[in-house]
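Dear colleague,

I am passing on the structure below, together with some notes on its charged side-chain pairs. Please look at it first and then read on.

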Amino acid sequence: MKKIDVEHIFMNYHSLKSETEAIKDISFSLQQGEFLSIVGPSGCGKSTLLNIICGLIKPSQGNIYIDGKKLSGLTSKIGYMFQKDHLFEWLTVFDNVRIGLKIQHKLTKEANEKIEELLENYKLQDFKNYHPSELSGGMRQRVALIRTLALNPEVLLLDEPFSALDYQSRLSASDDIFEIIKQENKTAIMVTHDISEAISMSSRVIVLSKRPAKIVKDVNIDFSDDSLTPLYRRENPKFREYFDIIWKELELK
Ligand code: ADP
Ligand code: MG
């Protein structure tokens, strides 16, 4: 069975004066453990699609299935990481990563242990009592991801997670985030407008057209060597080939 099925999604936004057609018939399925990136021009409907997949907004037509079960509204099976990290500045790192569980009254002994383990594994244990303003942009994104993982979602959605970072931090943050998602064996869907980022992190890239978004290309990414980190993938000869295939499909004009 597929982890997630996206079936014939259409989305039109309505206002008093106009109608915006954002998504036109998008379908795809993901296996457990796949890392899908979705690339497309700015404003084509990428965030709309993620918001539909997590149940935040209802599509005009179509359905989402998780493990074969139709999705209706928000579910704890899906974790969402936004463009901005939305960390609470007045809380410590430790309290930030526990906030979701606390709200859900699920801050059990096991949950606390899991959080300690995540902080330890992903090099944040020493910064537990720091406040977000004392951390680098890349570390903040790591805290945001751990906060999402603390809720133990089965599928992770990431909406341009590195766009607020400078180029150098972006590269190291994508290595870190890639490593965490792989270690935790999560199924992930990342939206980005950066082709290199998509190829360096994913097992598959879907290219969307200009608005209304349709799938124009679905590319499997295979570097033969599964142990390659995103940074090393960028230096592999296959990287350029994938880049050219995807670049040609993107309507950036
Ligand atoms: P992307 O994430 O690819 O940049 P979005 O999904 O944010 O694109 O937006 C796709 C289109 O839908 C844009 O034209 C945007 O203006 C429009 N849109 C997004 N959200 C709304 C909304 N809540 N109401 C009306 N139009 C919207
Ligand atoms: Mg967006």
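E89 forms a salt bridge with R140, with 2.8 Å between the closest N and O atoms; a salt bridge here is a side-chain nitrogen of Lys or Arg within 4 Å of a carboxyl oxygen of Asp or Glu. This pair links distant parts of the chain, since E89 lies in the loop between β6 (78–81) and α2 (93–103) while R140 belongs to helix α4 (residues 137–150), 51 residues apart; helices (H or I, at least four residues) and strands (E, at least two) are DSSP runs, numbered from the N terminus. E89 is partly exposed at a relative accessible area of 37%, whereas R140, at 15%, is buried (buried means under 20% relative accessible area, exposed over 50% and partly exposed in between, with a 1.4 Å probe and protein chains only).

The model is predicted, so local features need pLDDT of at least 70 and side-chain atom pairs count only at pLDDT 80 or more, while totals for chains, interfaces and linings use all residues. Residues are numbered from 1 along each chain as its sequence is written, chains are lettered from A and ligands numbered from 1 in the order in which they are written, and side-chain values use heavy atoms, leaving out hydrogens and water.

R170 and E197 also meet in a salt bridge, at 2.9 Å from N to O, which joins helix α5 (residues 167–183) to helix α6 (residues 195–201) across 27 residues, and both side chains' residues, R170 and E197, are buried.

Over the whole structure, the search finds 15 salt bridges, and K3, D67, K77 and E154 are linked in a network of them.

Best regards
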